[in-house]
Number of protein chains: 4
Amino acid sequence: MRFFSDNAAAACPEVLAAIEQANRLDTAYDGDAWSRRLDDAFSRLFGTEVEALWIATGTAANSLALAALCPPHGSILCHRDAHIQNDECGAPEFYTHGAKLLLVDGAGAKMTPDAVAAALAGIRNDVHQVQPAALSITNATEYGLVYSPEEVAALGALCRERGLGFHVDGARFANAVARLGCSPADLTWKAGVDALSFGFVKNGGLCAEALIFFRRELAAATYYRRKRAGHLLSKGRYLAAQLLAMLDGDVWLRNADAANRAAARLAEAAGADRLVLPVEANEVFIRVTAEEAAALRAQGFDFYDWGPGEARLVTSWDSDAGAVDALAAAIAAL
Amino acid sequence: MRFFSDNAAAACPEVLAAIEQANRLDTAYDGDAWSRRLDDAFSRLFGTEVEALWIATGTAANSLALAALCPPHGSILCHRDAHIQNDECGAPEFYTHGAKLLLVDGAGAKMTPDAVAAALAGIRNDVHQVQPAALSITNATEYGLVYSPEEVAALGALCRERGLGFHVDGARFANAVARLGCSPADLTWKAGVDALSFGFVKNGGLCAEALIFFRRELAAATYYRRKRAGHLLSKGRYLAAQLLAMLDGDVWLRNADAANRAAARLAEAAGADRLVLPVEANEVFIRVTAEEAAALRAQGFDFYDWGPGEARLVTSWDSDAGAVDALAAAIAAL
Amino acid sequence: MRFFSDNAAAACPEVLAAIEQANRLDTAYDGDAWSRRLDDAFSRLFGTEVEALWIATGTAANSLALAALCPPHGSILCHRDAHIQNDECGAPEFYTHGAKLLLVDGAGAKMTPDAVAAALAGIRNDVHQVQPAALSITNATEYGLVYSPEEVAALGALCRERGLGFHVDGARFANAVARLGCSPADLTWKAGVDALSFGFVKNGGLCAEALIFFRRELAAATYYRRKRAGHLLSKGRYLAAQLLAMLDGDVWLRNADAANRAAARLAEAAGADRLVLPVEANEVFIRVTAEEAAALRAQGFDFYDWGPGEARLVTSWDSDAGAVDALAAAIAAL
Amino acid sequence: MRFFSDNAAAACPEVLAAIEQANRLDTAYDGDAWSRRLDDAFSRLFGTEVEALWIATGTAANSLALAALCPPHGSILCHRDAHIQNDECGAPEFYTHGAKLLLVDGAGAKMTPDAVAAALAGIRNDVHQVQPAALSITNATEYGLVYSPEEVAALGALCRERGLGFHVDGARFANAVARLGCSPADLTWKAGVDALSFGFVKNGGLCAEALIFFRRELAAATYYRRKRAGHLLSKGRYLAAQLLAMLDGDVWLRNADAANRAAARLAEAAGADRLVLPVEANEVFIRVTAEEAAALRAQGFDFYDWGPGEARLVTSWDSDAGAVDALAAAIAAL
């Protein structure tokens, strides 16, 4: 009964089936029938013309997006707890050739326009400082909160005003959309987003994320950068097929909704006092003493401690209903 | 009836089965049960202790190996026709942070120790020139020739003498071993090789290559570099499982042998006069007039032209016997 | 009467004379008679064998030192107000190929071992995070405070314990030594420092800083990196001559002392209430209202505002005694 | 009597005088009175609006120009014997973040449009290869030949046609202009050149080259890159003053002419049979046996051997007339 990470989940049946269907000779790299359908499939989903590239990891998708938005002598504003800052071993710095991340504070790993503006105010406009080039937010955030369309749009307006590119790390974008019930468009290009790392792996995929460019001219150099980074898989059809299979019939949304509902179930059991943060996606942060944590583990539940006195529980598309019920009961019984 | 590239082939049944077997919850990244078996499995294959990392592409495997062997202010000697020079969009330069490739000539994309020594002789030992740090060969070469254990060892001796790291791009290493009938050890560490990009994708894999370090201390920084490049897939077990499945029962060798035999069949049909080079692996370069090429295509055979008057035919693990027979007959009938 | 920056000062007469004496044909780059004397001259000054390279700017000296101490996938701990973070347009990131600066707090731009240890404690030891590789302090700091030999040694001990390289940005190292009355050795290698950017330009030099490696094996790659960065001037003798001229007869110390004394004069006039920080080198931060600042400027004194209600006054080796007296009087009269 | 390199020469009196005149307090970096005059001074010289930056070395000037013209995933065509390929320790790769140099052949280190076009023809237009972005020529070349305005214009036309940026490494641009008697404009922007590394150091400067952008929009990012590379000297006025002093009264042209005439004197003495190449600037390549070379050295002449049976003699602005006469006589007497 593991609640470590949605990264650890299996791939969903639709994805496996798609891989099997793609298992025949076709053109290499991204010249195959599946890859050539991606732009259209994602353009339909977003209701606007986009360019969509398959990428094997979210780290690479994020970094390629940032490299498209920020020169080596620029900087990227992001939250202090952002994945791109803390969990990618400097991949953004590698891909951007040394751009700097400027860290912004905010509860639950969310940033407000005011906080971003304050960070911008601290930067002198001279050649001695790297100049801000992009803003990157994570939606849903690393702490399981979501930015609403309005919140994204407010940041998007700030970006336009200050000439910043706008990137969304959407490793759990599906969970955000499922929670908000909005359209993918509302949460992205209509709110001023230029590029989205659209996560599928945590949501039932096997090894494919989608990098979406709403400002399509940003994509041109990215095809070279993807190859140059060793991310142009020679049998790319297996990645494209995964994405198409999850778009088909809104598997992506159904999977995310299942994970969200499992998390909500845990949150309800935990109760407001025990919750560190509201639960808006598929991550639950609860206050537990060391004894309580040990007691849960003794009952067979695995999860990460998250600083002293806190634990992180992550649900996924395939979280076992019985295990979720059991954990909910165990938490309630603490 | 496509003879474009072994990149275009399907994944073999053992690989697909392994992916299905790996399709359950496990630890993320490379902490899972499959990934943890890699070092042992490859150490057994090579008869020495190695470190083995799964990597999604040969380009990334090559680049990570070269970054382990060459500083940014160093240079890598390779053949003028090497994949790392011509087909990776500068990935070695990206991963090494700007090292230089020094190009060496030689028939069939093979280099002799004399040719390498001559290239080294042209480099002044001062701070104004990048200093040579590594040699990279491709075995089997981009033109389907193989280096014998003795030939590799002669280059290995030169590397030791000159203080160069020694890398083998083994995108078709399996085809070389299958052809030579030698042990993998003879063609690598016993011949002085430090790092091997061991290709599986062209040989029936889906999205996993193995990067093998015979000098194990070279691996340490590579784990960081792999993550930093966005190549630490979160569900790495699916990659490890592919490699283990192909090692198991020597699927890798059987697949390569099938591809080699198909190529040999075509070579025999073509005859010595038509062959541009001896056929030692799974690539066949033949002399054809434009009319002859068109005639073959009219019969349904697809392949790349390779400069004026030449064509490249590539076979793979799953080359259809009927199609190979038909092509052989068609070539013989030209 | 300008108190903007010691960067704006003239070169001292000894430096100009040395340039004239060096103005004859000699070997190019660093093969000339002057450059070849550097190692010895600085080894004598520090009482240990060092390698010393002339570098045209402090930014380049800092960056070359950091590149010697930190891999691209590593991080450098420094103060939030460090020059390398705020005033070098990302030069450390450029030279290290994308290492990350981790920011530490502390009054007056000084860091304590506890603050550094706390920052280290926040870093997980896994491949998902860049791992700490070096500590960089500025002495005297950007706020004109000095680290004593004991304070440096405490940080040095921490570095040794944690396996960190230890760099000192000594743009105003001379001012620190002049203030402390200690030996240059006490403040560097005896306290565990590996590399020092020893500033001369702010202290009466024209275009030469010294990069000192106490761990001499760190220097080897730096000769290549200096060339590769375009910092191996072809007429390097003019840079070496500046450094030698300032070492000769302790001009460097005399100049720094003059600047310090001018600052002390201003500090005394300002009085404890007006001083933001103690004045220990050649920078004076005072509290002034907008009206007071305007009044000083109306009397012909130029300086930078330093955030709301504060001003920065910097003295230099050639601060005019009359101007200093006049400013002291004007401040006292506010 | 040294004929090693013009790099070894002294600085000319006008340059030293300018440094002394600049030796007073002024604004730091490039905000001083001298630096602010550069754009105008060079715009007058070239008869068009340019942006001009002082840079301490030709290597840095070249690299900054190339970084402005070529993305990391692009390539730069240059001659196989180009300084940027052989004598800068990979600085172009460092500054461009790993772009590739594609080498072109041609006698005397000169390239023809046909040779460049042939190199371009070998590059596939796909993401697997770095795409050509710029052409870099050296004028006068590393072998002392000059490109005429017509020859530069022919290359410029090719660049425009193929969408390539066009850079001139003008370490000895002055010698080329002096030889050709043309205007600086004819040899640059009128011939399609985008950026020029205009050398002063080999021609009597001390530590200042000029980087000239004829396409001014290329300059914007270069100010950041210069700082980021540690090349924004804090007392930049001393560099600007050198350049202004050499523009004033055409010192740059007079110096170059003196060097050229000294070389012509040696060429005449050598005679056509002994000359490896025509002498068009200030470098003389002669055929000499080992015995002849030894004989010259025995008479006190120093110079570089240049491959077997050849020697390189370089004259400079201050080549001693007596020494030149003596060497001419010694060569004639061989």
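Predicted model: local features only at pLDDT ≥ 70, side-chain atom pairs only at ≥ 80, totals over all residues.
The bond joins B:Asn139 and B:Ala140, with omega about -5°. B:Ala140 lies in the loop that links β4 (131–138) to α7 (149–162) of chain B. Chain C has a cis bond as well, from C:Asn139 to C:Ala140, and its omega is near -5°. C:Ala140 sits in the loop between β4 (131–138) and α7 (149–162) of chain C. Such features stand out because most peptide bonds are trans and most residues other than glycine have a negative phi.

Positive phi values also occur in chain C. C:His97 is not a glycine, yet its phi is about 60°. The residue is in the loop between α5 (91–95) and β3 (100–104) of chain C. Is C:His97 buried or exposed? C:His97 is buried, because 23 other C-beta atoms lie within 10 Å and the cut-off for burial is 20 or more. C:Ala109 also has a positive phi, near 65°. This alanine is placed in the loop between β3 and α6 (113–121) of chain C. C:Ala109 counts as buried too, with 22 C-beta neighbours inside 10 Å.

Strand β10 of chain D, residues 310–314, is mostly covered, and four of its five residues are buried. Strand β8 (residues 283–287) of chain D runs antiparallel to β10(D), and five bridges join the two. D:Asp305 stands opposite D:Ala311 in β10(D). The hairpin of β9(D) and β10(D) has four residues between the strands. In this hairpin, D:Gly307 takes a positive phi near 80°.

The domains touch through 20 residues of domain 1 of chain A and 17 residues of domain 2 of chain A. On the side of domain 1 that touches domain 2, the elements giving two or more residues are α8 (173–180) and α10 (237–247) of chain A. The largest share of that side comes from α8(A), with six residues. By class, this side of domain 1 of chain A has 12 nonpolar, five polar and three charged residues.

Contacts between chains were examined next. The contact between chain A and chain B takes 38 residues from chain A and 38 residues from chain B. Four helices of chain A each give two or more residues to the side that touches chain B: α1 (13–21), α3 (58–69), α5 (91–95) and α9 (219–228). That side of chain A is made up of 20 nonpolar, 11 polar and seven charged residues.

Chain A also meets chain D. Here 13 residues come from chain A and 13 residues from chain D. The side of chain A that touches chain D holds seven nonpolar, three polar and three charged residues. The copies meet through the same surface, because 100% of the interface residues of chain A are also interface residues in chain D.

How are the two copies placed relative to each other? Chain A can be laid on chain D by a turn of 180° and a shift of 0.0 Å along the axis, with an RMSD of 0.0 Å. The two copies are therefore related as by a two-fold rotation axis. Which residue of chain A comes closest to the rotation axis? The residue is A:His97, at 3.4 Å for its C-alpha.

Terms used:
Residues numbered from 1 in each chain as written. Chains lettered and ligands numbered in written order. Least-squares fit on C-alpha atoms with pLDDT ≥ 70 in both. Contact = placed C-beta atoms within 7 Å. Nonpolar A, V, L, I, M, F, W, Y, C, P; charged D, E, K, R; others polar. Buried ≥ 20, exposed ≤ 12 C-beta atoms within 10 Å, placed from the backbone. Pairing = 2+ DSSP bridges.
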